[in-house]
Amino acid sequence: MEHRYKRRSRWRPLPLVGLLTGALVVALYGVGLLDRTTVSAAPNTGAQLLSSGDGQKAAAGGAAPQVSADGRYAVFQSGADLSALTPLYSRSEGNNQRVYARDLRTGAVTLLSDPSVDATAPQLSADGRVVTYRASASGDGLPTRSSTVVVDRDVDGRKTFDQAGNVKAYDLDDAPGTTASSFPSLCADDCGPRISDDGTKVVRPSILSGVSPYLEVTAAEGRTEPTTTVLGNVVNFDGMVSPAYNGFEANDEDYTVTVGTRSLLRGREKEDLTGRPVLENTAPDSTPPAFTLGGKTCETDGKCRVEVTFHPSTACAGSSSRVFFGRLRTSGATPAGQTTVGLVARCRGPISAPWCPSGPNPTQQQMAALPLRLGSVLRGSDERRGNVVPVGGVLPGSPFIAVVPVKATGEFTFSADDCSAIRLVDPGPQVRARAANLTGGTELEPILAGGSGVVEGALYLLIAPEPEADGTPARGTAHDGPQIHTARLSVNSGGTSQFPPNGLSIALQVERRVIEMRKDTASTPGFVPGPAAVVNVADTGGTGGTTIVDAVQPGLSGDGKTLLFARPVLPETPPDESAVLRASLADDTAGPATVVAGGDGDAVTAPAVSRDGTTVAFVRGPRTASTARPAQIVVADAQGKNPRIVSTNADGTPGDGDSARPALSPDGRVVGFSSKAPNLGTAAGTTAPRLFVRALSGDDTLTAVASLGAGEGPAASFDAHGSRAFFTSGDPLTESDTNTADDAYAQSLPGRLTVTPAGLDFGVYDRPSAAGIGLPLSLTNAGPGTVTIDAVTPPAPFRAQSTCTGRTLAAGETCVTVVSFTPTSAGTYEGALEVRGSSGPPRAQQTARTTLRAEVGPAPAPPPTATDTPPPPPPTTTTSPTPSPGPPPDPSPSPPPSPGAPVLGSLSVVPSVAHPGRVTRVHGRGFTPNSTVSLTWGTTGPTRPVTVTSSGEFTAYVPVGRAATPTLGTITAADAQGRLLAYVQFLVEKPSMEPSLIGREDGGS
């Protein structure tokens, strides 16, 4: 693959368009607030500088770091020429942004992008093998060329990345099966691609447009070489010939215009990008057609031409209409190929009302709620060609009013190819007053069809295109996508006019914001991109079909099954249009999207989704910026239910500054976002937002990580459990960072160890006994990083039966340990159990404690005799007595309920004295019917799953391990989440020396 781009003189971060700077009133949202939170500052220890070369220590400047789910590989972009492996491209000087990959285990760095172009917004698969990024360049006045590149770092599947000859790059714009009229370079809001965990699906934002930015369109009268640029992509036939200033006559000869095209793509100037031209006679219908198409020819320099002929003899004599419209479409083989040119020709004589298939105009009150746009007149060097008023890009379903000031003399008539898309209206006094702010402060009267005389006022054009009626897109295409509409304001002039007598043409270019998907079609190792498919589709409203809905800011789940996107809106458009939608992705298609959030008058943007698609996050705020209502981060389930504001401080108050750019860890346990809110921990008046991270379960600790550098898209990337955050920061988080630029960092996040309940009370025993009791204690990581349980230490005579030691807990995870007490001696027993843990490098130590208490009464005295002497009273307090094995205990009941660890059943064992090398029969009752319960012997196992019957009981057999001396054994029952359900304690005999039992150790104690 060879990129042919113009190198830019300086890289600038892609603009963040539509970043919400508004605010939030909680009562309007109707979502719950996370409370019981604390805000803590993440220590700088554990930060790793990513944006430096292989073997280099000094920071070189970098941005947009992303990490693989296993935490081993990271990608980032940098404008520096870093020392790196170069299996694809040679190193090169210059300041274009490059995409690098770093092996976090070995430190090796690889250059993955062409250094002659800007490479930004990298993403990578879960194993780090497949990397995708956006490549773009511009220069010499040519349009910006942007594409999506996919790099396979291990084509042959050798399990070794970045080996020369085994790395390949694919430009998706050059892949087969393109979507017609798709132009990713026109995207302006979070344009980076997204990739699934397995590296088989890539989605990217794009634009469907009726006019290609890569084709120059020209026209000329007759069959001569076309040299004059077509204004507004409209060809006025009656304006190109002098006798037809006021329209053609039926006895006029056929009139031909030659339309030319030329490629503007650098390196492809000699290619034909137009494909086979297609002519559409739009409205009204005429038989034979008003316009016909001639053959296409191309020259060796890449210039192509096609002849379009208007037939006055049939059009002007055979139809009651006096204005005819058409469209000339190209259908090139590449996404840069399609351009639609509007055609308009007028017959002389009275002009009837425009052909319009839709209903009446909206009321003036309805139009008063629409946004306004000032239309400008394009004047050609040859006035015979008339003037064109382009009204810019338009989204279907987002109407507005274009205001065009004009001054003219004559009688005015108006026609349109579809007046449901372009209508000449009187919008009413409210709109005229608002329009005065756009036109210099003077309120202009509307110019309407049928008026005459000297008129100075404005054309008020209601622009309201809708998707075409046949809105079911074929696979890989978009039939309801790009459109161009044309309208004509004609003047039957009796005197001079401020614009040519052939009138004004209005060009309406309808665009669609879409998400494209490419899927790997290779059945063997190596990425082979399949056809493109537009995947932002929704139901057509009960008709059984689907249609394209506009989409930006894609969020792709790691499993590749869920796509989230935001529906874009124009400024001041009606409030019910902003939404976040969710679509289910199949192999190469998408199911109809459903609304996750929106429709409440606020703007919802920037969706993020967890790996399995069950948790979503997005920004919610006012449509117009307001310091009184800052934008907030909301987290909800896959259907948008149970929404919660997570950009809150310790007392649950939402941030008093804007929050944006949400990111979720792959497992959905951790959310990160940027914020300028002072009450969250950001200094008032600061210009840079900070990265905040919090766990979504447990005791939600909000952690302030560092200031964030410039960028778009999610604020951070997380490894599988959210234990490390990858982000861009201007803060010097390591000693190696001595520059003043933004750099790419990885930061270990702290976890926080908690135990519940705060105290365990074993109650009062009226006498000593060998029958012990166990109570569950929950060890929980409040997050957002991980915590490793290093030790669980109870005071004697209490004991802890636990498999938690050595286990690493992700944010929100809980491990249950059983604390037991056997009342073998009288006394009052009190103490504190200590749990020690460590979090992240450099393994910062943490300690959590819970109090323990039990009270045992004296043993009953034997009946007195005449010679007996009363024994002394028993001690009242013993801090650490030595328990005696005593007689074999009776089956122990389950412990009483404890917060966070429900006890749902009871256990009994037979025999009550276990024999090493044999099995113990365990009977359970009172459990959830038909559930699965895990039985664990002792602290280390073995663990055996059993299935509960429909009556809530089960019987199982557990092998008994060997012990050097008589000791107490335990069996615990837990559910699939590791929650303790029941506990039993019994005596294990000292092993006998019977020959039949020697060497039969098949269990642990």
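Contact here means heavy atoms within 4.5 Å. This is a predicted model, where local features need pLDDT of at least 70, side-chain atom pairs count only at pLDDT 80 or more, and totals for chains, interfaces and linings use all residues. Residues are numbered from 1 along each chain as its sequence is written, and side-chain values use heavy atoms, with hydrogens and water left out.

## Ser 838 and its surroundings

Ser 838 touches Thr 786, Val 787, Thr 788, Asp 790, Arg 843, Ala 844 and Gln 845, leaving aside residues up to four places away in sequence. Ser 838 sits in strand β57, residues 827-839. Strands (E, at least two residues) and helices (H or I, at least four) are DSSP runs, numbered from the N terminus.

Is Ser 838 buried or exposed? Its relative accessible area is 2%, so Ser 838 is buried. Buried means under 20% relative accessible area, exposed over 50%, and partly exposed in between, with a 1.4 Å probe and protein chains only. The side chain of Ser 838 also makes a polar contact with the side chain of Asp 790, at 3.2 Å. A polar contact is a pair of N or O atoms within 3.5 Å; within protein, one must be able to donate a hydrogen and the other to accept it, and residues adjacent in sequence count only if both atoms are side-chain atoms.

## A four-stranded open sheet

An open sheet of 4 strands runs in the order β4-β5-β6-β7, with antiparallel pairing. Its edge strands are β4 (63-67) and β7 (109-111), each pairing on one side only. The twist averages 20 degrees from one strand to the next. Axes are lines fitted to C-alpha atoms, for helices over the stretch in contact, and angles run from 0 to 180 degrees between N-to-C directions.

Strands β5 (residues 73-78) and β6 (residues 98-103) are joined by 6 bridges in the antiparallel sense. Two strands pair if DSSP finds at least two bridges between them. Tyr 73 has Asp 103 in β6 as its bridge partner. In a regular strand the side chains alternate between the two faces of the sheet.

Strand β43 (residues 659-664) is mostly covered, with 6 of its 6 residues buried. It pairs with strand β44 (residues 670-675) in the antiparallel sense over 4 bridges. Ala 663 stands opposite Gly 672 in β44. The hairpin has 5 residues between the strands, and Gly 668 takes a positive phi near 75 degrees.

## Disulfides

How many disulfides does the structure hold? There are 4. A disulfide is counted when a pair of cysteine sulfur atoms lies within 2.5 Å.

Cys 187 and Cys 191 form one, with their sulfur atoms 2.1 Å apart. The torsion about its S-S bond is about -100 degrees, so this disulfide is left-handed. Both Cys 187 and Cys 191 are buried. Another disulfide joins Cys 316 to Cys 347, S to S 2.0 Å. With -80 degrees about the S-S bond, the link of Cys 316 and Cys 347 is left-handed. Cys 316 lies in the loop between α2 (312-315) and β21 (323-329), and Cys 347 in the loop between β22 (340-346) and α3 (364-367), so the pair ties together parts that are 31 residues apart in sequence. Cys 316 counts as buried at 7% relative accessibility, and Cys 347 at 0%.

The sulfur atoms of Cys 804 and Cys 815 are 1.9 Å apart in a further disulfide. Its S-S torsion is about -95 degrees, so this link is left-handed. Cys 804 lies in the loop between β54 (799-801) and β55 (808-809), and Cys 815 in strand β56 (residues 814-821), so the pair ties together parts that are 11 residues apart in sequence. Cys 804 is buried at 0% relative accessibility, and Cys 815 at 2%.

## Nonpolar cores

A nonpolar core is a set of buried Ala, Val, Leu, Ile, Met, Phe, Trp, Tyr and Cys residues joined through side-chain atoms within 4.5 Å. The largest has 31 residues, of which Leu 50, Tyr 100, Tyr 133, Val 151 and Phe 726 touch the most other members. Elements giving two or more residues to this core include β5, β6, β7 and β49 (743-748). The most comes from β5, with 4 residues.

Tyr 100 has contacts including Val 75, Phe 76, Leu 82, Val 109 and Leu 111, not counting residues up to four places away in sequence. A second, separate core of 25 residues includes Ile 789, Cys 804, Leu 809 and Cys 815.
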